[in-house]
Amino acid sequence: MTSILTNVAAMAALSTLRSISSGLEETQARVSSGLRVGGASDNAAYWSIATTMRSDNMALSSVSDALGLGAAKVDTAYAGMNSAIEVVKEIKAKLVAATEDGVDKKKIQEEIDQLKDQLSSIASAASFSGENWLQADLGGVGASVTKSVVASFVRDDENNVSVKKVDYTLDTNTVLYDTSGEGNGILDKVYDVSQKAVEVSININGETKQYTVAAYSVEELLAADATFTTSTVNNPDGSTTTSTLAEAANDAGAITAGEFFVQVDADTWVKAVAIADASQEAAYTDGNDFYGVDTDNAPAATISADQSIADINIVGMDSADLGRLISGVDAALMDMTSAAASLGSISMRIDMQEEFVKSLSESIDKGVGRLVDADMNEESTRLKALQTQQQLAIQSLSIANSSSEVILSLFR
């Protein structure tokens with residue numbers, strides 16, 4: 001039936017045109033934005049994931065910046081510590097030279113004073129962005145200050161987020177100067193250079209404890225004309241303990257004839273006492289009696305280096321004073337070397353973390369792209385097809401609308 005009120009063909013053509021126009025609009029949006037999922041209405045799940053990961057990637061970008069700042073701080077401290085080590089080496093060499101008979105200690109002291117000033121200058125200058133890791137206000141013995149470098153941003157499988165940091169502790173073994181004036185830094189503290197004590201672990205009736213006991217050097221023991229034997233103990237737990245036993249044959253100062261000693265390491269011996277109960281785990285046995293370490297034997301007194309590096313004044317010192325001072329400087333060098341090694345390790349870790357953060361950020365970008373980016377080759381083909389379909393739909397609508405003109409000709 002042909003009707004002038006209802007043009008079914010035109011309605012069908014118009015519906016087709018609207019559908020094509022909608023698809024064309026969607027495709028044009030993808031082409032112009034480059035996104036297959038530009039909003040939650042396109043794909044809620046993918047859009048949510050992409051939005052979250054883009055946010056995390058921005059956080060990682062901040063982490064990368066923070067790592068760069070942290071690396072600069074660590075590198076500054078590392079460079080300062082290495083420079084300070086070289087200066088302390090020079091001071092040590094000057095002290096050794098001062099032990100020579102007839103040397104003008106005042107002249108050497110003048111050189112040492114210049115080196116001390118250089119150390120102070122290095123410690124003060126090793127600052128980046130207001131952070132100085134070579135000097136700090138420690139406040140007291142055992143006090144410390146923790147410095148942190150942002151290392152990563154983490155989202156776990158339960159969507160909990162956290163910022164991970166690399167910590168470096170400023171304490172009496174890592175700081176050159178204690179700005180509190182308490183003298184707890186490496187360069188402004190007085191070192192103990194002789195400590196005849198050792199910690200040993202003794203198992204008595206199944207309970208293991210640490211004890212600090214007096215220790216005597218091998219040289220002291222040999223001076224006592226000691227007799228050495230090696231013995232193996234069968235411990236109650238089934239294990240064995242092999243020890244070197246020495247019995248002092250005569251009195252040689254700290255060693256009394258008839259006393260027994262256990263060898264802890266190559267250069268350390270500790271006093272031992274007989275254990276009445278053979279069921280106890282012994283430090284060693286001589287074949288008849290069981291022996292354990294004498295935990296009541298107090299450690300020998302320590303010997304001080306007398307001066308810190310910051311306060312060195314060798315004028316009037318004798319060879320014994322210089323010897324103690326050299327030992328103190330050497331102990332400070334060991335602490336500085338250890339601190340430099342720690343800084344170097346952190347610097348290496350930060351470099352590795354920077355590379356990892358860059359790779360992680362690139363991986364997140366790729367992952368988000370796979371979820372929401374439009375395939376431009378596919379979209380360009382679809383756009384061309386939809387444009388052609390639109391033209392045909394317009395042509396069909398035009399033909400459908402012309403049918404009313406045919407009806408008019410019937411009434412002429």
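At what angle do helix H2 (residues 44–98) and helix H3 (residues 105–125) pack, and how far apart are their axes? The angle is about 170° and the axes are 10 Å apart. This is a predicted model, in which local features need pLDDT of at least 70 and side-chain atom pairs count only at pLDDT 80 or more, while totals for chains, interfaces and linings use all residues. Residues are numbered from 1 along each chain as its sequence is written, and side-chain values use heavy atoms, with hydrogens and water left out.

**Helix packing**

Two packed helices are described by the angle between their axes and the distance between the axes. Axes here are lines fitted to C-alpha atoms, for helices over the stretch in contact, with angles from 0 to 180 degrees between N-to-C directions. Helices (H or I, at least four residues) and strands (E, at least two) are DSSP runs, numbered from the N terminus.

H2 and H3 are therefore roughly antiparallel to each other; angles over 145 degrees get that label, under 35 roughly parallel, 65 to 115 roughly perpendicular, and the rest oblique. On the H2 side the contact (heavy atoms within 4.5 Å) includes Gly-80, Val-87, Ile-91 and Leu-95. Among the H3 residues that take part are Lys-105, Ile-108, Leu-115 and Ile-122. The residues of this contact divide into 12 nonpolar, 3 polar and 4 charged. Nonpolar covers Ala, Val, Leu, Ile, Met, Phe, Trp, Tyr, Cys and Pro; charged covers Asp, Glu, Lys and Arg; the others, Gly among them, are polar.

Helix H1 (residues 8–33) and helix H6 (residues 376–401) have axes that come within 8 Å and cross at roughly 160°. That makes H1 roughly antiparallel to H6. The crossing is left-handed, a term for a near helix turned anticlockwise from the far one by less than a right angle, clockwise being right-handed. The contact of H1 with H6 has 15 nonpolar, 9 polar and 3 charged residues.

**Aromatic pairs**

Rings of Phe, Tyr and Trp (its six-membered ring) pair if their centres lie within 6.5 Å; planes under 30 degrees apart count as stacked, over 60 as edge-to-face and the rest as tilted. The count comes to 3 aromatic pairs, including the two tabulated here.

| Pair | Class | Centre to centre | Angle between planes |
|---|---|---|---|
| Trp-133 and Tyr-168 | stacked | 5.4 Å | 10° |
| Phe-260 and Tyr-291 | tilted | 4.8 Å | 45° |

Trp-133 lies in the loop between strand E2 (131–132) and strand E3 (135–136) and Tyr-168 in strand E5 (residues 161–170), so the pair ties together parts 35 residues apart in sequence. Trp-133 is buried at 3% relative accessible area, where buried means under 20%, exposed over 50% and partly exposed in between (1.4 Å probe, protein chains only). Tyr-168 is also buried, at 6%.

Phe-260 belongs to strand E12 (residues 260–265) and Tyr-291 to strand E15 (residues 290–293), so this pair links parts 31 residues apart in sequence. Phe-260 is buried at 15% relative accessibility, and Tyr-291 is buried at 6%.

**Single residues**

Asp-265 is likewise in strand E12 and counts as partly exposed at 37% relative accessibility.

Ser-308 sits in the loop between strand E16 (303–304) and helix H5 (319–372). Ser-308 is buried at 3%. Leaving aside neighbours within four places in sequence, Ser-308 is in contact with Leu-187, Asp-188, Lys-189 and Val-190.

Met-317 is in the loop between E16 and H5 and is buried at 10%. Not counting residues up to four places away in sequence, Met-317 touches Lys-105, Gln-307, Leu-322 and Leu-325.
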